[in-house]
Amino acid sequence: MNFQIEFGLLTSVAVNLHIKQTRKGPPGNKGFRVPFIIHPLQVLQLVQRWGITDFTVLNQILWKAIVFHDSIEDTICTYEFLINLIGKPSADIALELTQASDEDSVDYMASFETKSIDALVAKCADRICNTEDYMKDSPEYSYKYLCKASLVFETLYKRKQEVVDRFGEDVW
């Protein structure tokens, strides 16, 4: 199957998983809030703006994982379901991006020191997108939220050579 068709179908599954969820809006906002699926697509768009655009098998694995990166954490979706839907390599990355309900945030951020380089890059993009949303909705919290991910960004810097090896010098 053509990847663009497959990706469109997978995106519709992600839409349905998050169907009742919306992105956060300004405090007290009772107006329209965008569907949650906008967030994973924004993360994907940011990763592509960074230059991860080649239609390689590895990039396709990453892109599928990004679309489902919040599915295990925020929906009825399971890791096993994702394996069947997007394949084990993509499901593994999605699982790496999932914070367990009993996991401390600091420990979760520190865990990216040993997670795959794909998960690390996706987490950085995810955190930046979330921070941008907070800047619109809760500006006073956005900086604090970004700082909570300082370990992830420090890890990205420490693992620079892995980023270059995987995605190329232009992406770095």
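1. Helices (H or I, at least four residues) and strands (E, at least two) are taken here as DSSP runs, numbered from the N terminus. By that count helix H2 is followed by Gly-51, whose phi is positive, near 110 degrees. The model is a predicted one, in which local features need pLDDT of at least 70 and side-chain atom pairs count only at pLDDT 80 or more, while totals for chains, interfaces and linings use all residues. Residues are numbered from 1 along each chain as its sequence is written, and side-chain values use heavy atoms, with hydrogens and water left out.

2. The twelve residues of helix H2 (residues 38-49) should span 16 Å at 1.5 Å a residue, and the end C-alpha atoms are 16 Å apart, which agrees; the expected span is 1.5 Å times one less than the number of residues.

3. Buried (under 20% relative accessible area, with exposed over 50% and partly exposed in between; 1.4 Å probe, protein chains only) applies in H2 to His-39, Pro-40, Val-43, Leu-44, Leu-46 and Val-47. Seen down the axis of H2, these residues fall within an arc of 160 degrees, so they line one face of the helix, the arc being that of the directions from the helix axis to the C-beta atoms. They pack against helix H1 (3-17), H3 and H8, where contact means heavy atoms within 4.5 Å.

4. In helix H11 (residues 160-167) the buried residues are Val-163, Val-164, Arg-166 and Phe-167, and their cover includes helix H3 (57-67), helix H8 (117-137) and helix H10 (150-158). Just after H11, Gly-168 takes a positive phi of about 105 degrees.
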